[in-house]
Amino acid sequence: MLRKTQKAAARRTGTAARDKQRPAATERPGSWHLARTETELRLSEFEFRLERLAQAYYRWKAACLAAVCDVPLTGDDVAVLNVVRMGDEPKRLSEIGQLLNRVDVPNLQYATRKLVKAGLIETEGSSSRKETRYRVTDRGHDVTEAYAALRAETLPPMLEALDDWAEKSEAAGSHLELASSLYTQAAQAAIIRRHHP
């Protein structure tokens with residue numbers, strides 16, 4: 001028992017020493033816990049824009065699909081449907097997850113079950129869940145074609161009306177890819193810290 005207490009005290013002392021080495025974040029009056037420094041403020045502003053973009057994007061996908069199909073689907077469901085259709089090649093659940101950069105397997109399984117039940121995709125191949133592949137049905141093909149047509153009628157004309165859209169979108173895309181890799185690295189660092197305090 002004494003050894004455990006000594007080890008715990010040593011860990012706490014080590015943590016306290018590490019905390020003293022870090023520069024203290026100086027809070028401004030009225031600031032909040034995610035934006036205490038200038039860098040954190042800029043990061044928070046970026047994240048809010050990213051969050052709002054993601055929510056608007058997923059709402060758009062759900063609305064676009066609802067205009068061409070009577071099946072109520074979320075933006076996440078639409079993403080899975082379009083990825084299954086991508087390249088007109090059947091895909092395993094693991095491949096769908098990789099293409100969407102998602103690791104939430106239970107939610108992906110729920111989405112695929114929902115799409116199968118709606119008659120938009122179907123399974124093929126092995127009875128093993130790991131080896132099961134998904135492909136669009138004829139109905140799924142028609143719905144994704146109608147979705148693509150409506151998307152082409154609405155978004156591209158709006159984007160083309162913006163000044164320097166092509167150049168700005170390319171630069172923004174590169175920055176978003178970089179941000180994605182940084183968030184992945186940060187998540188790995190958080191996991192390591194959780195298991196090795």
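User: What share of the contacts with a separation of 6 or more comes from residues 24 or more positions apart?
Analyst: In this predicted model, residues 24 or more positions apart account for 48% of the contacts in the protein with a separation of 6 or more.

User: And how many helices and strands are there?
Analyst: The protein has seven helices and three strands, and reading along the sequence gives the pattern α-α-α-β-α-α-β-β-α-α.

User: What about burial, and the surface as a whole?
Analyst: Of the 197 residues of the protein, 21% count as buried. The accessible surface comes to about 14,600 Å², and carbon and sulfur atoms hold 57% of that area.

User: Thr144, buried or exposed?
Analyst: Thr144, which sits in helix 6, has a relative accessible area of 4%, and because the limit for buried is under 20%, Thr144 counts as buried.

User: Which residues does it touch?
Analyst: Leaving aside residues up to four places away in sequence, Thr144 touches Leu81, Asn82 and Arg85. Arg85 is itself buried, with a relative accessible area of 14%, and its side chain meets that of Asp88 in a salt bridge, at 2.6 Å from N to O.

User: How many salt bridges does the structure hold?
Analyst: The structure holds twelve salt bridges. Among them is the one between Glu40 and Arg36, whose closest N and O atoms are 3.4 Å apart; here Glu40 is partly exposed, with a relative accessible area of 22%, and Arg36 is also partly exposed, with 29%.

User: Which residue does Glu124 pair with?
Analyst: Glu124 forms a salt bridge with Arg135, and the closest N and O atoms of this pair are 2.4 Å apart. Glu124 lies in strand 2 (residues 121–124) and Arg135 in strand 3 (residues 133–136), so the pair ties together parts that are eleven residues apart in sequence. As for accessibility, Glu124 is partly exposed at 23%, and Arg135 is partly exposed at 34%.

User: Which residues are linked in a network of salt bridges?
Analyst: Asp76, Arg102 and Asp104 are linked in such a network.

User: Switching topic, which residues form the nonpolar patch on the surface?
Analyst: The nonpolar patch is formed by Leu43, Phe46, Leu50, Leu53, Tyr57, Leu176 and Tyr183, which together have about 590 Å² of accessible area.

User: Which helices supply at least two residues each?
Analyst: Helix 2 (38–68) and helix 7 each supply at least two residues of the nonpolar patch, and helix 2 gives the most, with five residues.

User: Which residues form the negative surface patch?
Analyst: Asp163, Asp164, Glu167 and Glu170 form the negative surface patch.

User: Where does Asp164 lie?
Analyst: Asp164 lies in the loop between helix 6 (138–160) and helix 7 (165–195). Helix 6 is also the place of Thr144, while helix 7 supplies at least two residues of the nonpolar patch.

Key
Residues are numbered from 1 along each chain as its sequence is written. This is a predicted model: local features need pLDDT of at least 70, side-chain atom pairs count only at pLDDT 80 or more; totals for chains, interfaces and linings use all residues. Side-chain values use heavy atoms; hydrogens and water are left out. Patches are made of residues with over 30% relative accessible area and no salt bridge: like charges are joined within 9 Å, nonpolar side chains (Val, Leu, Ile, Met, Phe, Trp, Tyr) within 5 Å. Accessible areas come from the Shrake-Rupley method with a 1.4 Å probe; for residues, only the protein chains shown count as cover. A salt bridge is a side-chain nitrogen of Lys or Arg within 4 Å of a carboxyl oxygen of Asp or Glu. Lys and Arg count as positive and Asp and Glu as negative; His and the chain ends are not counted. The place of a charge is taken as NZ of Lys, CZ of Arg, CG of Asp or CD of Glu. Buried means under 20% relative accessible area, exposed over 50%, partly exposed in between (1.4 Å probe, protein chains only). Contact means heavy atoms within 4.5 Å.
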